[in-house]
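Trainee: I'd like to learn how to read a helix and a metal site. Can you walk me through it?

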Amino acid sequence: MDINSIFDENKAWVDKKVKVDANYFQELSKGQNPEILYIGCSDSRVTAEELMGAKPGEAFVHRNIANMVSNLDLSAMSVINYAVKYLKVDHIVVCGHYYCGGVKAAMESKDLGILNPWLRSIRDVYRLHRVELNKIADDEERYKRLVELNVEEQCINVLKTAEVQLAYRNRGLKVHAWVFDIHSGNLINLNLDIEKALKDIREIYHLE
Ligand code: CO
């Protein structure tokens with residue numbers, strides 16, 4: 001993508017939108033009422049809105065390296081809080097993707113400086129599931145399974161927050177674990193059982 005063409009691209013996009021609906025941007029400026037909070041990877045190939053077919057205003061989006069939900073990450077915690085408490089989203093999606101560079105880096109014995117603490121949270125996921133992962137002989141299959149397990153663990157991290165527990169109980173907020181398969185373009189639903197996930201963590205993390 002040529003940086004110099006972006007403003008021309010933007011103008012063409014505005015013209016296209018206004019041609020269909022002259023008030024499109026006036027309507028958009030009135031406010032947002034998204035039903036979904038999407039938490040995904042920053043990877044340039046995994047474009048949240050495009051892969052879901054979502055239009056502006058339909059998804060509240062948070063992206064970082066390897067779609068992590070860390071309780072010390074003020075940005076992620078603020079996004080979840082705002083989306084659940086104020087935007088009142090009905091669904092929170094954590095979407096990982098196969099061939100994730102962040103997950104790959106966490107599987108390697110390398111000192112990556114400032115990235116170490118971030119990747120350590122993924123290494124923690126590996127440690128939690130090492131019996132299952134170490135049984136997978138094929139490197140690529142093990143890597144893909146860690147992507148899936150990481151998504152599930154980040155969903156559990158979402159469920160550990162007070163506002164999510166409250167919204168789950170009071171208005172049936174749902175949490176979904178998805179993986180985007182870059183190789184085929186398909187979105188895969190890992191069919192997370194929220195009730196079971198909550199039951200497993202409730203003893204220790206119950207807040208509401
Ligand atoms: Co990634």
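Trainee: What do the buried residues of α4 pack against?

Mentor: Some ground rules come with that. This is a predicted model, where local features need pLDDT of at least 70, side-chain atom pairs count only at pLDDT 80 or more, and totals for chains, interfaces and linings use all residues. Residues are numbered from 1 along each chain as its sequence is written, and side-chain values use heavy atoms, with hydrogens and water left out. Contact means heavy atoms within 4.5 Å. The buried residues of α4 pack against β1 (36-41), β2 (59-64), β3 (91-97), α8 (139-159) and α9 (162-171). Helices (H or I, at least four residues) and strands (E, at least two) are DSSP runs, numbered from the N terminus.

Trainee: Which residues of α4 are buried?

Mentor: Buried means under 20% relative accessible area, exposed over 50%, partly exposed in between (1.4 Å probe, protein chains only). In α4 the buried ones are A76, M77, V79, I80, A83 and V84. They sit on the same side of α4 because their arc around the axis is only 160 degrees, taken from the directions from the helix axis to the C-beta atoms. L74 and Y86 are exposed, on the face turned away from that buried side.

Trainee: Which protein donors does the cobalt ion have?

Mentor: Donors are N, O and S atoms within 2.8 Å of the metal (3.2 Å for Na, K and Ca); water is not among the atoms, so sites may look incomplete. Here C41 (SG), H97 (NE2) and C100 (SG) lie 2.0 to 2.3 Å from the cobalt ion. C41 is in strand β1 and H97 in strand β3, so the pair ties together parts 56 residues apart in sequence.
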